[in-house]
Amino acid sequence: MSRRVVRQSKFRHVFGQAAKADQAYEDIRVSKVTWDSAFCAVNPKFLAIIVEAGGGGAFIVLPLAKTGRVDKNYPLVTGHTGPVLDIDWCPHNDNVIASASDDTTVMVWQIPDYTPVRNITEPVITLEGHSKRVGILSWHPTARNVLLSAGGDNVIIIWNVGTGEVLLSLDDIHPDVIHSVCWNSNGSLLATTCKDKTLRIIDPRKSQVVAERFAAHEGMRPMRAVFTRLGHIFTTGFTRMSQRELGLWDPNNFEEPVALQEMDTSNGVLLPFYDPDSSIVYLCGKGDSSIRYFEITDEPPFVHYLNTFSSKEPQRGMGFMPKRGLDVSKCEIARFYKLHERKCEPIVMTVPRKSDLFQDDLYPDTPGPEPALEADEWLSGQDAEPVLISLKEGYVPPKHRELRITKRNILDARPPAGPRRSQSASDSPLSQHTLETLLEEMKALRERVQAQEERITALENMLCELVDGTD
């Protein structure tokens, strides 16, 4: 009787490949701030990267198609008075991004589909509530306009972005600096890691710790945690001997790990990027030049090593594309945006398949851009799983979805019903603001054209004088 030695898995042969040189984004001055966040956020329309900026903090937002060399005068998103530490795209509106900064504020920005003429300096809203720098941001996976921020004041604040109100403030749970925060799939629980070496599962609406584990990893260096599809917690951390380690935990029984594996000796914190559709976790260490990936299953040893993508250059940060932004015709199951010192390079993870047909076993229905709940419904205790979409026909991002503000000042990401009408005095304040911004940009553009024409005239005069002088 033959014994099956090799584990059966459709993801056993997943391989990574860096994009060709002309598909990279060149000449980007990636931020040199010492902070363990990804420094990069990406969605099906835009790539955002935290960059070096004098006199404050900034990030650059590029349309995905704008590959190649980026002009040194390309407009930035500027507004923070201190370095930007984290950025996160809204999962329910591809034109909305939040940024957290050393200046203690969180800002939410509306990014236009067209390339702006000058820097974007006015956020839609500024959220002020932290007393120290804000280093972690995470949008709620299913509720509209709900944003979480965590600061150096050891406080987690959950905001209603539409009104600028604090929905919840968790200020007496963490006695030290918070290293990571992650929502579960329906946004009913949080997994947090802290400098006090404790992994906590928190019910934010009850401001209550549901379960906790001290020293999930015994080392002093930062730990990271993410929820898996089955409700387990996947963690990365360090042993007492400073070896990197990964763990899998069942919140219902924190006494013993489901799995615990030592990795290697390195200082870089391992950032876990988890894909619930395939249950693959990708580990990217800052300063590493590789991406290791594992499949998490319910069979021992539960965390199965798949492969490593290796390159020559170390990574300064990493962006992870949502599933709806992938090319399903090429069996692409993940796409990363690796930050170098001066560029951003896409890396594609592919399952080799011979057929050109849609591979429904690789692409189950995945969370789409529609929220399942409103902010007040979630706050009142309702939970809902993400609204799923099929990728069979490919995903086309919707056109610019303007955040419209009602009298209650709630951001509404839904596109307006009926035919698009012309701007009028009865439009919402934000529409009026958009019109004024366009007029200002047109005026600025005219001024620049006029200045260029004057410069050309001056140069022509100088040329004429030179020609007369030689005669």
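**Close-up views of a predicted model**

**View 1. Strand 20 and strand 21 form a hairpin with 5 residues between them.** G231 in the turn has a positive phi of about 90°. Strands are DSSP runs of E, at least two residues long, numbered from the N terminus. The model is predicted: local features need pLDDT of at least 70, side-chain atom pairs count only at pLDDT 80 or more, and totals for chains, interfaces and linings use all residues. Residues are numbered from 1 along each chain as its sequence is written, and side-chain values use heavy atoms, with hydrogens and water left out. Strand 20 (residues 224-227) is covered on both faces, with R224 and V226 buried on one side and A225 and F227 buried on the other; buried means under 20% relative accessible area (1.4 Å probe, protein chains only). Strand 21 (residues 233-238) runs antiparallel to strand 20, joined by 4 bridges; two strands pair if DSSP finds at least two bridges between them. A225 has T235 as its bridge partner.

**View 2. F46 and W89 form a stacked aromatic pair.** Their centres are 5.5 Å apart, with 15° between the planes. Rings of Phe, Tyr and Trp (its six-membered ring) pair if their centres lie within 6.5 Å; planes under 30 degrees apart count as stacked, over 60 as edge-to-face and the rest as tilted. F46 lies in strand 4 and W89 in strand 8, so the pair ties together parts 43 residues apart in sequence. Both residues are buried.

**View 3. F273 and F336 form an edge-to-face pair.** The ring centres lie 5.8 Å apart, with the planes at 75°. F336 is buried, with a relative accessible area of 0%.

Technical notes. Buried < 20%, exposed > 50% of the residue type's maximum accessible area, 1.4 Å probe, protein only.
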